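Here are my notes on this one, point by point. Have a look at the model first, then see whether you read it the way I do.

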Amino acid sequence: MFTSWLTSLKSVLATDTAITVLSTSAPLGTAPQPIAYWNMDEATGTTVADSVTTPAAVHGTAAGTLIVTNTDMALPAAFMRARDFTPPGSFIDFGETAGTKLDFQGQTTLSVEAIVQLTAAAPDIYTVFDNRQVQIQVINNRIAGFVRQAGGFHGVLGEALPLGVGTAHRVALILESGHMGMVVDGATINSIAIDEPVAAAEIGSHLYIGGDPTGLRLPGRVEDVRVSGAARSDIVPPVITPVSPMPGFSVSEARPVFNVAYSDASGINVASVRMFVN
């Protein structure tokens with residue numbers, strides 16, 4: 001569950017006005033080491049380089065894509081360039097995933113994220129990331145994520161959040177401890193329970209970004225694609241919220257008590273802690 005970010009919570013301090021977290025499982029803003037990272041900052045050529053060399057790098061080959069600058073996506077200067085999949089036949093092929101770090105069979109924790117910008121309406125189903133085990137897609141202008149399990153693909157769709165045309169969004173599919181969630185710009189927009197690890201893909205499956213050889217390409221741009229072998233606490237930070245009464249008085253214990261509830265950013269897996277004052 002997403003609350004595993006707080007499993008090492010050692011203590012909290014409650015006052016009349018605030019709850020202060022003294023220790024969490026990881027500092028917010030700290031990401032686990034990626035297992036693959038394609039920043040797509042190449043100025044020319046068709047090679048899309050993986051900057052993570054341990055495990056062994058898996059580079060992609062772009063077909064038909066345009067290279068655009070960060071100013072075209074209104075992104076911070078740190079994101080220098082992006083791949084545009086508007087031209088017919090555009091996609092990036094990273095080859096067969098079997099035997100590489102891009103085969104996610106057996107994974108129970110994983111995050112795949114990217115910056116996505118639509119440049120035209122997307123009324124159909126379009127690929128952002130697909131290795132036939134984990135998929136991020138745009139479906140009718142909304143972001144969606146799917147994970148392959150033994151019984152087939154299970155997915156979440158951000159019904160309430162159309163991506164819109166012209167705005168760059170950071171999207172992420174997060175899999176952790178029995179849940180998968182779809183995250184856009186730091187907020188969980190949908191989450192479901194899943195009870196199995198990632199299943200094997202079909203023999204010969206490739207990883208594709210932005211489209212595939214069938215020709216249905218994303219009407220837009222993709223940049224800064226990262227795969228991490230753990231859910232990222234800086235994408236969906238835990239939220240600490242006081243509950244009433246705080247402070248209060250326990251009748252059964254006949255002494256003052258402070259209550260605190262914590263949850264992930266979407267409010268699921270809520271748990272609480274009671275602290276008695278001696």
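1. Glu-202 and Arg-148 make a salt bridge, with their closest N and O atoms 3.5 Å apart; the term here covers a side-chain nitrogen of Lys or Arg within 4 Å of a carboxyl oxygen of Asp or Glu. Glu-202 sits in the loop between strand 16 and strand 17, while Arg-148 belongs to strand 12 (residues 142-149), so the bridge links parts of the chain 54 residues apart.

2. Residues are numbered from 1 along each chain as its sequence is written, and side-chain values use heavy atoms, with hydrogens and water left out.

3. The cut-offs are under 20% for buried, over 50% for exposed and partly exposed in between, using a 1.4 Å probe and protein chains only.

4. Arg-132 also turns up in the turn of a hairpin: strand 10 and strand 11 have 3 residues between them, and Arg-132 takes a positive phi of about 70°. The two strands pair in the antiparallel sense over 5 bridges, pairing being called when DSSP finds at least two bridges between two strands.

5. Gln-135 has Phe-146 as its bridge partner in strand 12. In this second hairpin there are 2 residues between the strands, and Asn-140 has a positive phi near 50°. Is strand 11 mostly buried or exposed? Of its 6 residues, 5 are buried, so strand 11 is largely enclosed by the rest of the structure.

6. Back to charges: the structure holds 8 salt bridges. Arg-226 and Glu-113 form one of them, at 3.6 Å between the closest N and O atoms. That pair links strand 18 (residues 220-228) to strand 9, across 113 residues of sequence. Arg-226 and Glu-113 are both buried. They also belong to a salt-bridge network that includes Arg-170 and Asp-224.

7. The largest nonpolar core has 42 residues, and Trp-38, Phe-129 and Ile-209 have the most contacts inside it. A core here is a set of buried Ala, Val, Leu, Ile, Met, Phe, Trp, Tyr and Cys residues joined through side-chain atoms within 4.5 Å. Strand 9 (residues 110-118) contributes the most to this core, with 5 residues. Apart from it lies another core of 6 residues, including Val-68, Phe-79, Ala-82 and Ile-115.

8. Buried residues make up 46% of the 278 residues. Among contacts with a separation of 6 or more, 63% are between residues 24 or more positions apart.

9. A word on confidence: pLDDT (the predictor's confidence in each residue, from 0 to 100) averages 76 over the chain, and 69% of the residues score at least 70. The lowest mean, 27, belongs to strand 2 (residues 19-21), and the highest, 98, to strand 17 (residues 206-209). Residues 1-30 stay under 50, though the model has 66 contacts for them beyond four places in sequence. Residues 258-278 are below 50 as well, with 73 contacts beyond near neighbours in sequence. Where pLDDT is low, the predicted coordinates should not be read in detail.

Note on methods:
This is a predicted model: local features need pLDDT of at least 70, side-chain atom pairs count only at pLDDT 80 or more; totals for chains, interfaces and linings use all residues. Helices (H or I, at least four residues) and strands (E, at least two) are DSSP runs, numbered from the N terminus. Contact means heavy atoms within 4.5 Å.
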